[in-house]
Amino acid sequence: MYYEDMLKEVLGAQVLRGPNMKNAPAFYRRLEQSMDVVRERHALNTTKPRWPDSVLDLTTSDFLSLNRTGRIREEFQRELASRGEFRLSASGSRTQYGNYDYLLEVEREVAAFHRAETAWIAHSGLLANMAVLEAIPLPGDAIVWDELSHASTSLGIKLSVAAHKVSFQHNSVDSLREVLASLRDADPGFRFGEKNILVCVESVYSMDGDICPLREFVQVVKEMFPAGNAQFLIDEAHSSGVLGPKGAGLVQLLGLEKEIAIRVHVCSKALGATGGVILCNRTVRSALVNSARSLTYSGAPSVPMVASIRAGYQLLMSGETQKEQAAIQTIVKYFLQTLLDHPIWGEGMDEGLLDVPLAEGWEDRAFHSHIVPLRTRNGHEHYLFAHLAMSNMNAYAISYPIVPKGTGRIRLVFHAHNTEKEVDQLVQTVADWVTEMLELQRSGSKHAVPRAARVAYSMGLSS
Ligand SMILES: Cc1ncc(COP(=O)(O)O)c(C=O)c1O
């Protein structure tokens, strides 16, 4: 059974190893002891066994179903075959031998699709974000970022020589304004356009599923910095393929191409390929080539990698993925409607067992993201994860430090391949769990643990 493999691996990894390593070389013992600190919280990050397609998929990044249906593979094989006798490797960095015609041609095509001056293909979205932050802010400049930004942003910030590194409250226009005002007041360089500010946001936040108020942010920045020294970097990882015309992303959905200096798109998710794309003008591209060691001290992407990206973009550009884009919108709305209509919803909310922040005002939203977090009481996300797994559903529990303390959740990711029947099963399974938790609560037993968690503990923690 899938859930047995999954729970054994996740829970088995939490068993302390330091105590059994007294005679091992100190180098390894110290590493295990440092991980034991995390294991004590049952929070060691582990690899997971892959599950079969028969498990209800509420996790994968195959949002448009291009991977599971084989469409991206077919397109990729066609694309690769059209390359004839290609040389597989780039055989060098792009500042040396690796800057080959096919790579440049695909970049031009991708730039045109995104209505950008240039596109740069990086090995991954993570590296693309890191490279921009490494190269673009100059000494004395500032980086201002949304506090819920992806790890690639914080890694990039560590590489940066910027003098000021300040976060603002998640998606808050007021907080962004305050942070920018404090920079402008502290240093006249920002007021007079002698120092730059790079504002980092994401179109869809990967753990919260909410969408950036980009229009309002752009307005604030333009008003406060008329010299144009404050510009945006937007990570479109979760809107690539999912939002906007033919999946071109949030910036194009809002018609803000001219206002956003740098966009990072990710090919490893909806596109079903691999790699990151940096959209920017020629100045930013030259600065990346000059200063982003994370891009240029590395071999250029190989032909198969570029072909996989082109295959994904061909599917978007041809309009073939629009049906799937629409299917995601439909299934997310169906989930929200079904959950809110379920009789358990009110009591689950009142008792703090269920909360879906995105459910508030959902009917007024023009478009939805495919990520819908389902919050529960602190620590209960693990119980719910086990309960879903035993019902043949995969949706991971997300806890601190990935999300702020006290905001543990089950992260539901919806896809074009999710059906209404599956959503009905999901909602009923969540409702059954809430009912069980309420019964345990009413029984008055302080140490009572729900059924799925009891089974899980008996499987994993004693090994
Ligand atoms: C918001 C965000 N940015 C960047 C990335 C990194 O993308 P890639 O998988 O191409 O490295 C991810 C992937 O998890 C992401 O969620």
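This is a predicted model: local features need pLDDT of at least 70, side-chain atom pairs count only at pLDDT 80 or more; totals for chains, interfaces and linings use all residues.
Residues are numbered from 1 along each chain as its sequence is written.

Over residues 55-429 the chain is 41% helix and 14% strand, where helices (H or I, at least four residues) and strands (E, at least two) are DSSP runs numbered from the N terminus. The end C-alpha atoms of this segment are 14 Å apart.

The shell around the ligand holds 14 residues, of which Ser124, Gly125, Leu126, His150 and Ala237 come nearest; a residue is near if its C-beta atom, placed from the backbone, lies within 6 Å. Helix H5 (residues 125-135) contributes three residues, the most to this shell. By class, the shell comprises three nonpolar, nine polar and two charged residues (nonpolar: Ala, Val, Leu, Ile, Met, Phe, Trp, Tyr, Cys and Pro; charged: Asp, Glu, Lys and Arg; polar: the others, Gly among them).

The largest nonpolar core has 129 residues, a core being a set of buried Ala, Val, Leu, Ile, Met, Phe, Trp, Tyr and Cys residues joined through C-beta atoms within 7 Å. Ala131, Val132, Ile197 and Ile278 touch the most other members. The largest share of this core, eight residues, comes from H5. Not counting residues up to four places away in sequence, Val132 touches Gly156, Leu233, Ile262, Val264 and Ile278 (contact: C-beta atoms, placed from the backbone, within 7 Å).

An open, antiparallel sheet of three strands has the order E9-E12-E11, with strands taken as paired if DSSP finds at least two bridges between them. Strand E9 (371-375) and E11 are at the edges, each with a single partner strand, so one side of each lacks a neighbour in the sheet. E9 and E12 are joined by five bridges, and Pro373 has Arg411 in E12 as its bridge partner.

Lys405 lies in the loop between strand E11 (397-398) and strand E12 (409-413). Lys405 is exposed because 9 other C-beta atoms lie within 10 Å (buried: 20 or more; exposed: 12 or fewer; partly exposed: in between; C-beta atoms placed from the backbone). The C-alpha atoms of Lys405 and Asn378 are separated by 8.4 Å.

Conventions: Two residues are in contact if their C-beta atoms, placed from the backbone, lie within 7 Å.
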